[in-house]
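Student: Could you walk me through this structure? I am new to it and would like to take it piece by piece.

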Amino acid sequence: MDNEIIEDPFFRLNERGVQWVDKEDWEYKTPLQVSPEIFGKDNIELNFKGLDTYADVYLNDSCILQANNMFRE
């Protein structure tokens with residue numbers, strides 16, 4: 001909606017016009033700013049909020065998570 005690709009799906013009958021969205025594969029990329037002291041830790045926890053039902057999460061070129069249920073923690 002922010003990029004004006006779809007209209008608000010919760011307004012009137014707009015949901016019908018965005019049914020294609022769940023048929024596509026979507027990719028989200030972001031750079032991570034990590035301080036040197038973080039790399040000295042034994043464990044580092046990443047929190048992903050809002051992953052859809054199916055998601056493959058990569059850190060650099062390594063798959064670190066394959067999710068198949070949106071209600072996972």
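Student: Where is the place of L32?
Tutor: Helices (H or I, at least four residues) and strands (E, at least two) are DSSP runs, numbered from the N terminus. With elements named that way, the place of L32 is in the segment before α1.

Student: What kind of model is this?
Tutor: Residues are numbered from 1 along each chain as its sequence is written, and side-chain values use heavy atoms, leaving out hydrogens and water. Local features need pLDDT of at least 70, side-chain atom pairs count only at pLDDT 80 or more, and totals for chains, interfaces and linings use all residues, for this model is predicted.

Student: How many salt bridges does the structure hold?
Tutor: A salt bridge is a side-chain nitrogen of Lys or Arg within 4 Å of a carboxyl oxygen of Asp or Glu. One of them joins the side chains of D22 and K23 at 3.0 Å, N to O, and in another the side chains of E27 and K29 meet at 3.5 Å, N to O. The number of salt bridges held by the structure is two.

Student: Are D22 and K23 buried or exposed?
Tutor: Buried means under 20% relative accessible area, exposed over 50%, and partly exposed in between (1.4 Å probe, protein chains only). On that scale, both D22 and K23 are exposed.

Student: Why does E27 count as exposed?
Tutor: E27 is found in the segment before α1, which spans 36-39. E27 counts as exposed because its relative accessibility is 66%.

Student: With which side chain does E27 make a polar contact?
Tutor: A polar contact is a pair of N or O atoms within 3.5 Å; within protein, one must be able to donate a hydrogen and the other to accept it, and residues adjacent in sequence count only if both atoms are side-chain atoms. At 3.5 Å, the side chain of E27 makes such a contact with the side chain of K29.

Student: What separates the C-alpha atoms of E27 and A55?
Tutor: Along the chain, E27 and A55 are 28 residues apart. The separation of their C-alpha atoms is 9.5 Å.

Student: In β2, what is the bridge partner of A55?
Tutor: Strands pair if DSSP finds at least two bridges between them. Strands β1 (residues 55-59) and β2 (residues 62-67) run antiparallel and are joined by five bridges. V57 stands opposite L65 in β2. For A55, the bridge partner in β2 is A67.

Student: What is the phi of N60, about?
Tutor: Most residues other than glycine have a negative phi. N60 lies in the loop between β1 and β2, strands that form a hairpin with two residues between them. N60 is exposed because its relative accessible area is 72%. Its phi is positive, at about 60 degrees.

Student: Which value is the phi of R12 near?
Tutor: R12 has its place in the segment before α1, and it counts as exposed because its relative accessibility is 71%. Phi of R12 is positive, in a residue other than glycine, and near 45 degrees.

Student: How many Å apart in space are L65 and R12?
Tutor: L65 is in strand β2, and it counts as partly exposed because its relative accessibility is 21%. L65 and R12 are 53 residues apart in sequence. From C-alpha to C-alpha, the distance is 37 Å.

Student: Leaving aside neighbours within four places in sequence, which residues is N14 in contact with?
Tutor: N14 is found in the segment before α1 and is buried because its relative accessible area is 19%. Contact means heavy atoms within 4.5 Å. Leaving those neighbours aside, N14 is in contact with E7, D8 and P9.
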